[in-house]
Amino acid sequence: NYSVRPRPTLLGLVLRAHSEYDIQSIPPRSSARFSFSWRTGRLRREPGGADLLVVTPGDRQGVLRGRSYLVSDAATGAPIGTLKPIGPDWEILDANGILAARVVDEKARIGFRCYVARAGADVVCRFTWSLQGLTVASAGLDVEFISGPDAGFDRALALALAPILEHKAR
């Protein structure tokens, strides 16, 4: 499980948009800390570790359609997959463009939103955004992996999607 929290800045609090995210395992372990930056598009191991993934926005496919994102290996540049919006939901495609999981916006209410990722009929991951206090400044997204790492679902793609979902839920 991972916690995805925006790094607080005054501008981010006013605009409800953040450019930097901290990603920490639950329970916290020093070997499972990451950060994501929209400025660079890089997911990196912290503190001061190597870049792991690069998330590159694609072109918009029309005014009302969302933007897809290419996820690639930071060291080699090899494609890992694509994150493709389908209305309020998402498709996670593998490097060959084959559907790996569908992420469905399952539950929403004030201060809470839950997305569920399914690979076929199996739930492989749950993204839960919620207020942790009285204001949206306290909100964050938790990522819970339901299946083991051997299930054929690339967890790196879920972590690449997490800041996007956190931003949209906010």
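Student: Why is Y69 called buried?
Tutor: Y69 has a relative accessibility of 13%. Buried means under 20% relative accessible area, exposed over 50% and partly exposed in between, with a 1.4 Å probe and protein chains only. The value of 13% falls under the limit, so Y69 counts as buried.

Student: What kind of model is this, and which pLDDT limits apply?
Tutor: This is a predicted model: local features need pLDDT of at least 70 and side-chain atom pairs pLDDT 80 or more, while totals for chains, interfaces and linings use all residues. Residues are numbered from 1 along each chain as its sequence is written, and side-chain values use heavy atoms, leaving out hydrogens and water.

Student: What makes Y2 and F34 an aromatic pair, and why is the pair called tilted?
Tutor: There are 5 aromatic pairs by the ring rule. Rings of Phe, Tyr and Trp (its six-membered ring) pair if their centres lie within 6.5 Å; planes under 30 degrees apart are stacked, over 60 edge-to-face, and the rest tilted. Y2 and F34 are 6.1 Å apart, centre to centre, with 55° between the planes, so they pair and the pair is tilted.

Student: Why is P57 not called buried?
Tutor: P57, in strand β5 (residues 51-60), has 46% relative accessibility, so it counts as partly exposed. P57 touches R67, S68 and Y69, not counting residues up to four places away in sequence; contact means heavy atoms within 4.5 Å.

Student: What makes β6 and β7 a pair of strands?
Tutor: Two strands pair if DSSP finds at least two bridges between them. Strand β6 (residues 67-73) and strand β7 (residues 79-86) have 4 bridges, in the antiparallel sense, so they meet the condition. S72 stands opposite P79 in β7. The two strands form a hairpin with 5 residues between them, and G77 in the turn has a positive phi of about 80°.

Student: How do you know that R109 sits over the ring of F112?
Tutor: A charge sits over a ring if NZ of Lys or CZ of Arg is within 6 Å of the ring centre and within 35 degrees of the ring normal. R109 lies over the face of F112, at 4.3 Å from the ring centre.

Student: What makes a set of residues a nonpolar core, and how many residues has the largest one?
Tutor: A nonpolar core is a set of buried Ala, Val, Leu, Ile, Met, Phe, Trp, Tyr and Cys residues joined through side-chain atoms within 4.5 Å. The largest has 38 residues, and L83, V103, C125, F127, V143 and L161 have the most contacts inside it. Helix α2 (residues 155-169) gives the largest share, 9 residues.
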